[in-house]
Amino acid sequence: MESNEKGSDNKSQESVERVRCLILGSGPAGLTAAIYAARANLSPVLYEGLEPGGQLTTTTDVENFPGYPEGITGPEMMEDLKKQALRFGTDIRFGLATKTDLSVRPFKVTIDEKTVIEAETLIISTGATAKYLGMPSEEKYKGQGVSACATCDGFFYRGQDVAVVGGGDTAAEEALYLSGLCRKVYLIVRKDYLRASKVMQDRVAGTANITLLFGHVTKEIVGDDKGVTGALLTKLTGEDVKIDITGFFVAIGHKPNSDIFQPALHTDEVGYIKTIPGTSKTNIPGVFACGDVQDPHYRQAITAAGSGCMAAIDTERFLGEVGAHS
């Protein structure tokens, strides 16, 4: 009886894998962290998550990432980063983190509800998911006129007419950014007022080529095989209106993919993981966060990659200090 119990314990232990550096997420932040961690001989294991390659895989052309003078597609760039991480020895795996226990090191992370990884250090780069309106036409034209990032894609609509949907600071910022590139910007606001801060409201109101459409709801996005050509709106009075546009920017917010790390990690009211300013360190020693999951402001591939570099260096130094003190 005793030997059977020991055998059972051994089997249980065998199903738990121990790693020095576990990275969750495979966007620019996660893959950059992997490149740096692998070159530092940390033997990183990276799980790609629900969206391998991150949000950039839904972007057609990337023209603002340094080192690509002719531009590159989002999927191609992410494939390049993945190849680079693999070249230095990163163990990249399919799988989604479904549960975490960050109460003690090594941290326990459950993958796909069955595999348990014990990690001496954890780099969280799970990103944030843009909120969309939920229309089939929105999904159909995503990357062909529908975008959730004016800073990323606005350049492609120079001199054209576009629309931004939303009523908060993000929508106001997107509209103002686009107003410097586009001929006309419609700001579609469901309510009869902007929720944006007073200073942003004033800036929007003072910009000649921004047209505010208060009390309008997007009914449908229309287009052809080349992309978006317009949007059908419904006024709160029930009247339908059509606007001719080539770009439709959704600015109703992002949701950071941080649920499984709460309440252990400190986050803001939206869910962005808080890091110590100037570092990737969270409130738990040995747990680091990088990329959009901790960045409510910039949300760019280049800033995500930079923060991934920081996370790997912070991880290497942490392991060095822990080793020196153990």
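Begin by selecting aspartate 91 and arginine 93, whose side chains meet in a salt bridge with an N to O distance of 2.8 Å. The model on your screen is predicted. Arginine 93 has a relative accessibility of 19% and counts as buried, because the cut-off for buried is under 20%.

How many are found in a search of the whole structure? The search finds 11. Two more stops from this set follow.

Select lysine 142 and glutamate 139. These residues form a salt bridge in which the closest N and O atoms are 3.0 Å apart. Is glutamate 139 buried or exposed? Glutamate 139 counts as exposed, at 52% relative accessibility, because the cut-off for exposed is over 50%. Lysine 142 counts as partly exposed, at 25% relative accessibility.

Now select arginine 183 and aspartate 161. Their side chains meet in a salt bridge, 3.0 Å from N to O. Where do the two partners lie? Arginine 183 is in the loop between helix H6 (169-179) and strand S12 (184-189), while aspartate 161 belongs to strand S11 (residues 161-165). Arginine 183 is exposed, at 57% relative accessibility, whereas aspartate 161 is buried, with a relative accessible area of 16%.

Salt bridges with shared partners join Glu17, Asp91 and Arg93 into one network.

The last stop is a sheet. Switch to a cartoon view and select strands S14, S15 and S16. They form an open sheet of three strands in the order S14-S15-S16, and the pairing is antiparallel. Which strands are at the edges? Strand S14 (216-224) and strand S16 (240-244) are the edge strands, as each pairs on one side only. On average, neighbouring strands of this sheet are turned by 25° against each other, direction ignored.

Zoom in on strand S15 (residues 227-235) and S16, which run antiparallel and are joined by five bridges. In general, the strands of a sheet pair through backbone hydrogen bonds. For one example, select alanine 231, whose bridge partner in S16 is isoleucine 243.

Methods. Residues are numbered from 1 along each chain as its sequence is written. This is a predicted model: local features need pLDDT of at least 70, side-chain atom pairs count only at pLDDT 80 or more; totals for chains, interfaces and linings use all residues. Side-chain values use heavy atoms; hydrogens and water are left out. Two strands pair if DSSP finds at least two bridges between them. Helices (H or I, at least four residues) and strands (E, at least two) are DSSP runs, numbered from the N terminus. Axes are lines fitted to C-alpha atoms, for helices over the stretch in contact, and angles run from 0 to 180 degrees between N-to-C directions. A salt bridge is a side-chain nitrogen of Lys or Arg within 4 Å of a carboxyl oxygen of Asp or Glu. Buried means under 20% relative accessible area, exposed over 50%, partly exposed in between (1.4 Å probe, protein chains only).
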